[in-house]
Amino acid sequence: MTTTLPQAAAAAAGHRPVRDVAVVGWGAIGRVVGTALAEGALPGARLTRVVDNRPLHGAPAPQADLAEALAHCDLVVEAAGQGFVRDLGTTVLTSGTDLLIASTGALTDPELAREIAEAGPGRVYYTGGAVGGLDLLQAVRGLGDLTRVRLTTAKLPATLHQPWMDAELTERLRTATGPVEVMRGTARDVPARFPRSTNVAATVALAVGDPDRVEVRVVADPGATLTRHVVEAEGPHGHYRFEVNHAPDAANPATSQVVPHAVLRSLAALTGRGGQIL
Ligand SMILES: NC(=O)C1=CN([C@@H]2O[C@H](COP(=O)(O)OP(=O)(O)OC[C@H]3O[C@@H](n4cnc5c(N)ncnc54)[C@H](OP(=O)(O)O)[C@@H]3O)[C@@H](O)[C@H]2O)C=CC1
Ligand SMILES: O=C([O-])CC(=O)C(=O)O
């Protein structure tokens with residue numbers, strides 16, 4: 001059994017402290033992340049509690065409410081949805097617990113973004129999730145502002161249907177035989193309209209530093225058996241294009257299969273594991 005030492009003592013003894021992790025949201029992302037942690041996939045982290053709206057059977061750690069989870073962890077992985085970040089993100093941080101967020105779309109609300117940024121002593125982190133190239137876009141900002149940033153997301157129509165859509169758009173999605181543009185906007189307004197499908201826009205905005213600068217197109221494509229995200233950016237020092245095509249999760253095709261593995265990669269960095277590309 002691994003023993004957790006207090007951080008300072010562990011550092012003095014040359015040991016890396018083991019992070020106690022609670023996963024909130026036991027769905028397409030949380031289930032893979034939590035199972036991997038419980039199986040010891042990440043030596044610097046262990047699963048201590050699982051939080052979900054529904055009663056769980058066979059989870060590899062005790063199910064708990066958030067208060068109990070916070071008493072048994074020093075890091076919460078949010079894999080629940082934007083609502084959790086909005087309602088309970090600051091609760092996690094003010095308890096002194098770090099928070100790794102997947103539902104970055106919640107941060108497009110400027111007031112919440114400010115509250116989360118100012119809350120502590122816990123620290124907030126964001127996973128890159130389904131998009132890549134964010135490290136480079138952040139680095140490029142050191143040379144000056146990007147002048148244009150665009151994200152095009154194409155997904156299967158059923159994953160993009162929303163309660164606010166009118167009958168005509170709903171019918172166009174249902175009967176689409178080719179790509180249908182369902183929204184054009186910015187990373188400020190798109191993630192709130194597609195809360196389970198376009199957090200990537202908000203994540204690109206976090207890398208770029210400005211949600212209003214990121215132009216977003218959301219396309220429903222019956223041929224998109226792979227979910228596609230294309231990030232294009234340009235500035236005085238160069239231009240950049242990152243395209244990813246992901247297999248969707250079988251049970252929840254709104255989410256790409258790679259996302260829990262992006263979360264695990266974020267966790268590996270948080271545990272201070274060497275040999276990481278940061
Ligand atoms: N950054 C990125 O690239 C991506 C981010 N995401 C974000 O991650 C979230 C989770 O994705 P995914 O795992 O696919 O979603 P799933 O719907 O598969 O799983 C989410 C689980 O969390 C539960 N849940 C929701 N709200 C709460 C809450 N407040 N407290 C406890 N449990 C809760 C849900 O229960 P119930 O269904 O009963 O509400 C469900 O069991 C998405 O909603 C999205 O915001 C997703 C994909 C990519
Ligand atoms: O998983 C994906 O491809 C993207 C996604 O759902 C999101 O950004 O919310």
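Student: Which residue in β8 does Leu151 stand opposite?

Tutor: Strands of a sheet pair through backbone hydrogen bonds, either parallel or antiparallel. In this predicted model, Leu151 stands opposite Val216 in β8, and the two strands concerned, β6 (residues 148-155) and β8 (residues 214-220), run parallel and are joined by seven bridges.

Student: In what order do the strands of the open sheet lie?

Tutor: The five strands follow the order β7-β8-β6-β9-β10, and their pairing is mixed. At the edges stand β7 (180-186) and β10 (238-246), each of which has a single partner strand, so one side of each is left without a neighbour in the sheet. If direction is ignored, neighbouring strands are turned by 10 degrees against each other on average.

Student: Which strands does helix α10 touch?

Tutor: Helix α10 (residues 199-208) packs on this sheet and touches β6, β8 and β9 (227-235), while its direction makes about 160 degrees with that of β6.

Student: How should I read the packing of helix α2 and helix α11, and at what angle do they pack?

Tutor: Two packed helices are described by the angle between their axes and the distance between the axes. Here α2 (residues 28-38) and α11 (residues 259-270) pack at an angle of about 45 degrees, with their axes 8 Å apart, which makes α2 oblique to α11. The crossing in which α2 passes α11 is right-handed.

Student: Which residues of α2 and α11 meet?

Tutor: From α2 come Ile29, Val32, Val33 and Ala36, which meet Val259, Pro260, Val263 and Leu264 in α11. Sorted by class, this contact of α2 with α11 has eight nonpolar residues, with no polar and no charged ones.

Notes: Residues are numbered from 1 along each chain as its sequence is written. Chains are lettered from A and ligands numbered from 1 in the order in which they are written. This is a predicted model: local features need pLDDT of at least 70, side-chain atom pairs count only at pLDDT 80 or more; totals for chains, interfaces and linings use all residues. Axes are lines fitted to C-alpha atoms, for helices over the stretch in contact, and angles run from 0 to 180 degrees between N-to-C directions. Helices (H or I, at least four residues) and strands (E, at least two) are DSSP runs, numbered from the N terminus. Angles under 35 degrees count as roughly parallel, over 145 as roughly antiparallel, 65 to 115 as roughly perpendicular and the rest as oblique. A crossing is left-handed if the near helix is turned anticlockwise from the far one by less than a right angle, and right-handed if clockwise. Two residues are in contact if their C-beta atoms, placed from the backbone, lie within 7 Å. Ala, Val, Leu, Ile, Met, Phe, Trp, Tyr, Cys and Pro count as nonpolar, Asp, Glu, Lys and Arg as charged, and the others, Gly among them, as polar. Two strands pair if DSSP finds at least two bridges between them.
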